[in-house]
Structures are given as structure tokens and as C-alpha cells.
Amino acid sequence: MSVAGLRTAVRETVSGLPRAFWWLWLSTLVNRLGGFVATFMALYLTLERGYSASYAGLVVALHGLGGVVSSLGAGVMTDRLGRRPTMLIAQLSMAVSVAVLGFMEHPVAIAVVALFVGMASNASRPAVQAMMADIVPPKDRVRAFSLNYWAINLGFAVSAAGAGFIAEYSYLAGFLVEAVMVLACAVVVFLKVPESRPAQAPVKRVGGKRAKDEVRLTTVLRDGRFMGVVGLSFLVALIFQQGYVGLPVAMGADGLSSSDFGTAIAVNGVLIVALQIPVTRFIQHRDPRRLLIISSLVAGYGFGLTAFAGSVAVYALTVCVWTLAEIVNAPTQTGLVVQLSPAQGRGRYQGVYTMSWSVAALVAPLMSGFVIDRYGAAWLWGACAVIGTVAGLGYWLLMRDLPREEVLGEEPVIEPAPVPAQARPDQAEPDPAATMERAADPGPVRTTP
């Protein structure tokens with residue numbers, strides 16, 4: 001592609017999105033620039049503190065458990081309290097807990113604080129995803145999610161390499177730097193990101209009592225198709241989590257340092273930064289069924305190749321393979337999930353969807369610690385290949401039954417209802433996906449995060 005063609009591609013990718021989206025994008029970038037704990041926790045515990053891989057897996061699993069606990073609660077908060085307040089509470093809590101974790105020395109204290117860090121770090125995700133769905137028109141959502149994912153990895157590419165060298169000097173400095181960056185993220189949200197929660201319907205009262213919400217967590221859990229998406233998301237997340245829990249431990253066992261791991265894993269962020277925009281243009285109008293199947297297989301076998309790695313260069317090469325799967329899978333799956341979410345319940349749906357990644361963050365370190373300690377890293381990478389195969393088969397079975405308009409995102413043109421003068425612009429247009437669902441199914445609301 002020529003320079004002029006590249007400029008055109010970039011301009012078409014970033015143009016037309018709301019101003020509020022870009023402030024949210026900036027807050028995401030600032031937050032990820034400070035990423036340290038999730039990336040270096042395993043190395044910190046095994047190399048700096050001298051604990052076993054099993055203990056490191058346990059602590060990282062508690063970090064994941066915190067995310068599981070907060071996912072559902074944060075989803076409800078997002079719908080009831082608002083997107084912006086939920087993000088601010090989560091970010092302030094994260095800054096405090098990360099700073100405290102850096103000073104903990106007793107193994108029990110480390111484990112307990114890691115649990116709270118996991119809760120705080122995951123609590124803002126349902127709010128961020130719901131806000132993006134609120135402020136970005138349906139036709140631009142895959143593009144918006146790709147750009148946000150690009151910001152996450154732009155920050156990660158910078159922070160992973162930088163944090164690796166910080167860790168060589170002082171792990172405590174890494175914890176404190178992350179706390180400061182999360183505070184900066186909260187400042188951006190407080191000053192520039194407006195609330196986007198759709199106007200709530202008037203409260204209905206039956207017999208003098210307040211009626212229950214139309215969309216509840218039980219509504220989400222009863223949706224078999226959506227829970228199938230959540231289950232498959234868990235399997236894919238279980239694979240990708242090994243890049244942050246299994247991979248650093250395996251590299252340490254091969255005699256490689258924390259800076260070596262930082263160099264290898266930074267390839268992930270660099271490739272996403274370089275390829276996310278052109279790949280997004282390539283996949284935006286392609287069949288998500290094939291994209292999800294192929295990306296699951298490539299992720300599994302990309303990690304499977306790690307069994308043959310022994311040097312930084314080969315480890316980095318395997319990172320390249322599974323990163324390609326990540327670039328395709330993340331925006332494709334997120335776009336499908338958001339398309340199926342009703343506007344009034346987006347927080348709850350995003351909370352349940354986020355929970356699949358949180359549960360994976362809980363299970364992955366336990367899985368990697370146990371397998372590496374008992375059988376060796378090669379068995380872990382073989383298991384990833386098997387899980388990727390199962391996920392690909394699952395997507396094939398689930399997606400073949402989805403209506404074409406849901407799979408390909410072909411949304412009908414719907415005339416918006418008259419908008420009251422006091423309504424905000426981001427509330428003027430109804431959600432076509434939710435409207436289409438209600439027209440097709442007059443029964444209980446069908447949901448997905």
C-alpha cells in the first residue's frame with residue numbers, strides 16, 4: 001500500500017466518531033500505559049519474592065477471582081449508577097490498591113490485596129464497553145472497538161518493555177508508576193468524559209410496589225445462545241491468558257530474565273498497533289463465523305508452538321502467531337456481543353460477558369501453575385492447542401444457527417421516534433439491534449453483553 005493509500009485508510013478508520021469516544025479512548029490509553037501488575041505479577045512472586053510457580057498461580061488466580069466478583073456488580077452499577085461514576089470509583093480504588101500491594105511482604109497479605117486489585121481493575125470494563133455502545137452508532141461499533149483495542153495495546157507495547165526494565169531496577173517502582181497512571185486516567189474521565197447512560201423508562205408500580213427491572217441478571221443467564229457465546233469467550237480467554245501467566249514462568253524456567261519476557265511480550269502490543277487498523281478494514285464486512293473459528297484455531301496452535309521455543313527470538317515468533325488471532329478475535333466477538341445487547345441492560349450484559357474473561361483469569365494461572373509444576377510447560381502448550389480446537393468447533397456449532405442479519409450485522413433502517421427537546425444527542429436514535437430483537441421476540445428480552 002502506498003503512503004497516500006495508507007493515509008486514506010487511517011483517515012477513513014478514525015473519522016466520524018463522536019468526540020466523547022476519543023476522550024474515552026484517551027483514558028484507556030493512559031490507563032494501559034501504566035500496566036504493570038497483571039503483566040509482571042508472576043515474575044515478581046517467583047523471581048523477586050522466591051515463591052513457587054504454584055503460589056504465584058494462586059495469587060494471580062485470586063486477582064482473577066476479584067475480577068469475577070466485580071464483573072457482575074460493576075455491570076449492575078453501570079446500569080443503575082451510571083457509566084462515568086462506575087469508572088471513577090473503579091479507577092480510584094485501583095490506584096490505591098496497587099500502591100498498597102507494592103508494600104506487602106507477607107504471603108497472606110499479598111494474596112488478599114491482589115484480590116482487591118483484581119476487583120478494582122475489572123470494575124471499569126462493563127462501564128467502558130457500555131459507554132462505547134451508547135455513544136457510537138451501530139454501523140461504526142466494530143471500528144470503534146478496534147480503535148479502543150488498538151489504544152489498549154499501544155499503551156501495552158510501551159509499558160511492557162518499559163516495565164520490564166523498571167522491574168530490573170525496582171518492582172516497587174512499577175507498582176507506584178501504575179498507581180499514578182491510573183489516577184491520571186481517572187482525571188481524564190472526571191474532566192472530559194460525559195455520562196452516556198440512556199434515559200431510564202418511568203418506574204412502574206404494581207399494587208403500590210416498584211416493579212422489577214425488565215432486564216435482570218437472571219434474564220441474561222437464561223439466554224442460552226448468549227451463554228454459549230460467554231462459554232466460548234471463556235475458552236479463548238483461557239488461551240490468551242497464558243501469555244501473561246504461563247509464558248513468563250516458562251521463560252523464567254528457561255533462564256530468561258524479566259526484561260527478556262518484556263521484550264517478547266511487547267511484540268504482541270507492537271503487532272497490534274501496526275496491524276489493527278488495516279486488519280479492521282479487512283474484516284469489518286466479512287463473515288464473523290469464519291473469523292471466530294479461524295482465530296480460535298490460530299490462537300490455540302500459536303500457543304502450542306511455544307513448546308518448541310527456547311530463546312527470546314523463538315518465543316517472540318510464537319507471540320507473533322497468536323497475536324494475529326487476537327487482532328481478529330477481539331473486535332469481531334465484541335461487535336457481535338454488543339449488537340445483541342439492549343440499551344437499557346448493556347451494563348449487565350457487559351458484566352456477564354466480562355465475567356468470562358475474569359473467570360479465565362482465575363482459572364488460567366491455576367492451570368498453568370499446576371501443569372508446569374507437575375508435567376512441564378510443553379504439556380501446557382499442548383493443552384492450549386486442544387482448547388483452541390474445541391473453541392473453533394464450538395463457534396462453528398453456535399454460529400451456524402444465528403440468523404444472517406445477526407451474524408453479518410445487517411441492521412434494518414429504522415426511523416427514530418420524535419426526540420424531546422431536552423434529550424441529549426446520544427439518546428436521540430434508538431438501538432437498531434435491540435429494536436430488531438423486540439420486534440422479532442415479543443417475549444422476555446433476549447440479551448448479550
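This briefing covers a cavity, the aromatic pairs and the surroundings of one arginine in the structure above. The model is predicted. A search of the whole structure gives 12 aromatic pairs, and the count of cavities of 30 Å³ or more comes to two. Arg-49, the arginine in question, sits in the loop between α3 (37-48) and α4.

**Second largest cavity**

- The volume of the second largest cavity is about 60 Å³.
- Its lining consists of Ala-42, Ala-53, Ala-56, Gly-57, Val-60, Val-245, Val-249, Pro-365, Ser-368, Gly-369 and Ile-372.
- Two helices, α4 (53-80) and α16 (346-374), each contribute at least two residues to the lining of the second largest cavity.
- Sorted by class, this lining holds eight nonpolar residues, three polar residues and no charged residues.

**Aromatic pairs**

- Among the 12 aromatic pairs found in the whole structure, Trp-25 and Trp-150 make a stacked one, with 6.0 Å from centre to centre and 20° between the planes.
- This pair links distant parts of the chain: Trp-25 belongs to helix α2 (residues 19-33) and Trp-150 to helix α8 (residues 141-169), 125 residues apart.
- Trp-25 counts as buried because its relative accessibility, 13%, is under 20%.
- Trp-150 also counts as buried, with a relative accessibility of 18%.
- Tyr-51 and Tyr-55 form a tilted pair, because their planes stand at 45°, with ring centres 4.4 Å apart.
- Tyr-51 has 23% relative accessibility and therefore counts as partly exposed, whereas Tyr-55, at 14% relative accessible area, is buried.
- One aromatic cluster is made up of Phe-21, Trp-22, Trp-25 and Trp-150.

**Arg-49 and its contacts**

- Arg-49 has a relative accessible area of 31%, so this residue is partly exposed.
- Apart from neighbours within four places in sequence, the residues in contact with Arg-49 are Tyr-44, Met-104 and Glu-105.
- The side chains of Arg-49 and Tyr-44 are joined by a polar contact of 2.9 Å.
- For Met-104, the backbone oxygen lies 3.2 Å from a polar atom of the Arg-49 side chain.
- Glu-105 is 56 residues from Arg-49 in sequence, and the C-alpha to C-alpha distance between them is 8.5 Å.

Conventions
Residues are numbered from 1 along each chain as its sequence is written. This is a predicted model: local features need pLDDT of at least 70, side-chain atom pairs count only at pLDDT 80 or more; totals for chains, interfaces and linings use all residues. Side-chain values use heavy atoms; hydrogens and water are left out. On a 1 Å grid over the protein atoms alone, a cavity is a set of points where a 1.4 Å probe fits but cannot get out, and a pocket is an open set with protein on both sides within 12 Å along at least five of seven lines; lining residues have an atom within 4 Å of a point. Grid points are joined across faces, edges and corners, and a volume is the space filled by probe spheres set on the points. Helices (H or I, at least four residues) and strands (E, at least two) are DSSP runs, numbered from the N terminus. Ala, Val, Leu, Ile, Met, Phe, Trp, Tyr, Cys and Pro count as nonpolar, Asp, Glu, Lys and Arg as charged, and the others, Gly among them, as polar. Rings of Phe, Tyr and Trp (its six-membered ring) pair if their centres lie within 6.5 Å; planes under 30 degrees apart count as stacked, over 60 as edge-to-face and the rest as tilted. Buried means under 20% relative accessible area, exposed over 50%, partly exposed in between (1.4 Å probe, protein chains only). Contact means heavy atoms within 4.5 Å. A polar contact is a pair of N or O atoms within 3.5 Å; within protein, one must be able to donate a hydrogen and the other to accept it, and residues adjacent in sequence count only if both atoms are side-chain atoms.
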